[in-house]
Amino acid sequence: MVKKLKLITIINFKTYKEATGARALKLAQVCEKVSKKTKVKIIVAVQATDISVAKKIKIPVLAQHVDYFEQGRHTGKILPEVIKEAGAVGTLVNHSENKLPLKTIKKIIKRCKVLNLLTIVCASSVQQARQIAKLKPYAMAYEVPELIATGKSITKIKPDSVKAFASLFKKTRIIPLCGAGISSHEDVKLALKLGCKGVLVSSASVKAKNQEKVLREFILGI
Ligand code: G3P
């Protein structure tokens, strides 16, 4: 039996056409199947219009962003109440493709805590992670924007920074994750070795010809 990795894998569907609408549900079902087979926790982060996939699968679903406003006259905003109602267990916050000021991050974390929604807050530097950690999110994800979608893994290119990032959380309950360029079992194993508890992955799995095969390779190295 191949040694299973104990890790959290968040698959960020982003706005890729391969993970939108009917294809979002299809990929979410693939993630559910691999999670069931490997017993590894796979979480999917989907576009707001696709959060309802949560009603059709048994693995956790995240939004990719929420706004902090209360319900009312806020046309076009995505509210925590709405993603919760649609079935999300939480949300990404401050992804490098959707950056927010610290005061906005603080308001979002506060609003999500009231609704028991998990917040996975992204940081593009160890320094920024140190600042955001004070807001006590559920998890933090370190991503180096220039490595995103390159296939050059943050764990291979910036191991010392990943290690420094993960060490920020040693004495806290905040879960450290990392992402950007992760595209192989080795990249994932290195993330765990450097102290992270999981990874955020997107293009390598979402844009793969055989999404299930790539996902299984990440987790089981086969
Ligand atoms: O949220 C994770 C994402 O930004 C990483 O992207 O394509 O490098 O796996 P990718």
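This is a predicted model: local features need pLDDT of at least 70, side-chain atom pairs count only at pLDDT 80 or more; totals for chains, interfaces and linings use all residues.
Residues are numbered from 1 along each chain as its sequence is written, and side-chain values use heavy atoms, with hydrogens and water left out.

Now to the ligand itself. A backbone N or O atom of Gly 181 lies 2.7 Å from a ligand oxygen atom, and a polar backbone atom of Ala 149 is 2.7 Å from an oxygen atom of the ligand. Ser 203 uses its side chain: a polar atom there lies 2.4 Å from a ligand oxygen. The protein covers 100% of the 310 Å² of accessible area (Shrake-Rupley method, 1.4 Å probe) that the ligand has on its own.

## The shell around the ligand

Which residues are around the ligand? Among them are Asn 12, Lys 14, His 95, Glu 143, Ala 149, Gly 181 and Ser 203, where being near takes a heavy atom within 4 Å. By class, this shell has 5 nonpolar, 5 polar and 2 charged residues. Here Ala, Val, Leu, Ile, Met, Phe, Trp, Tyr, Cys and Pro count as nonpolar, Asp, Glu, Lys and Arg as charged, and the others, Gly among them, as polar.

## Two residues with positive phi

Lys 14 is in the loop between strand 1 (8-12) and helix 1 (22-38); helices (H or I, at least four residues) and strands (E, at least two) are DSSP runs, numbered from the N terminus. Although Lys 14 is not a glycine, its phi is positive, about 50°. Is Lys 14 buried or exposed? Its relative accessibility is 11%, so Lys 14 counts as buried (buried is under 20% relative accessible area, exposed over 50%, partly exposed in between, with a 1.4 Å probe and protein chains only).

Ala 149 is found in the loop between strand 6 (139-143) and helix 5 (154-157). Ala 149 is not a glycine either, yet has a positive phi of about 65°. With a relative accessible area of 49%, Ala 149 is partly exposed.

Conventions:
A polar contact is a pair of N or O atoms within 3.5 Å; within protein, one must be able to donate a hydrogen and the other to accept it, and residues adjacent in sequence count only if both atoms are side-chain atoms.
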